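Biologist: Could you take a close look at one part of this structure, the packing of a helix pair and the aromatic rings around it? I would like one connected account.

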Amino acid sequence: MATKKSDLYVFTKAKELAIYVFKITEKSPKKYRFTLTTRLQNYCLDAIEYIYTANSLPLNDERLALQKRAGVTLEKIGYFSMLAMEVQCILPNQHQQISKLQAESLLFLGKWISSDKKRRNPE
């Protein structure tokens, strides 16, 4: 239901991040499959869910709250991927790629929030 091309970038980047996380965690050590890998995967899905739900709402406080929740969830992905790298659940280059995709997702999320604020409070 995105109405602007820039809104689609948020979905695209969050989806790229999720696909990458699912792909690399498939080969994670068994001892982390039900802890770190599951947590990373769930955070990716949660972020997409918050973005999707926020996009379906009118410009209001609930929409902004979901957008912010998506941002916090994306931050958690960054933190938990760093932790996963430190315990050798994922490789350093995989963490680097997650960080890149996470940063891009946060960038476009921030632009979307700014755009919504301008639309809500035109001057």
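**A helix pair and its rings**

Modeller: In this predicted model, helices α2 and α3 run roughly antiparallel to each other, because the angle between them is about 160° and angles over 145 degrees are counted in that class. Helix α2 spans residues 36-55 and helix α3 residues 61-86, and their axes lie 8 Å apart. The crossing of α2 and α3 is left-handed, and the contact between these two helices comprises 15 nonpolar residues, together with five polar and five charged ones.

Turning to the rings, the structure contains four aromatic pairs. One of them joins Phe-11 and Tyr-52 in an edge-to-face arrangement, with 6.4 Å from centre to centre and 65° between the planes. Since Phe-11 belongs to helix α1, residues 5-25, and Tyr-52 to helix α2, this pair ties together parts that are 41 residues apart in sequence. Tyr-52 itself is exposed, its relative accessible area being 55%, where the cut-off for that label is over 50%.

Another edge-to-face pair is formed by Tyr-79 and Phe-80, whose ring centres are 5.8 Å apart and whose planes make an angle of 85°. Here Phe-80 is buried, because its relative accessible area of 17% falls under the 20% limit. Tyr-79 and Phe-80 also belong to a cluster that ring pairs build with Tyr-43.

Definitions and conventions:
Residues numbered from 1 in each chain as written. Predicted model: local features only at pLDDT ≥ 70, side-chain atom pairs only at ≥ 80, totals over all residues. Heavy atoms only, no water. Axes fitted to C-alpha atoms, helices over the stretch in contact; angles between N-to-C directions. Helix = DSSP H or I, 4+ residues; strand = E, 2+ residues; numbered from the N terminus. Parallel < 35°, antiparallel > 145°, perpendicular 65-115°, else oblique. Left-handed = near helix turned anticlockwise from the far one by under 90°. Nonpolar A, V, L, I, M, F, W, Y, C, P; charged D, E, K, R; others polar. Phe/Tyr/Trp six-rings, centres within 6.5 Å; stacked < 30°, edge-to-face > 60°. Buried < 20%, exposed > 50% of the residue type's maximum accessible area, 1.4 Å probe, protein only.
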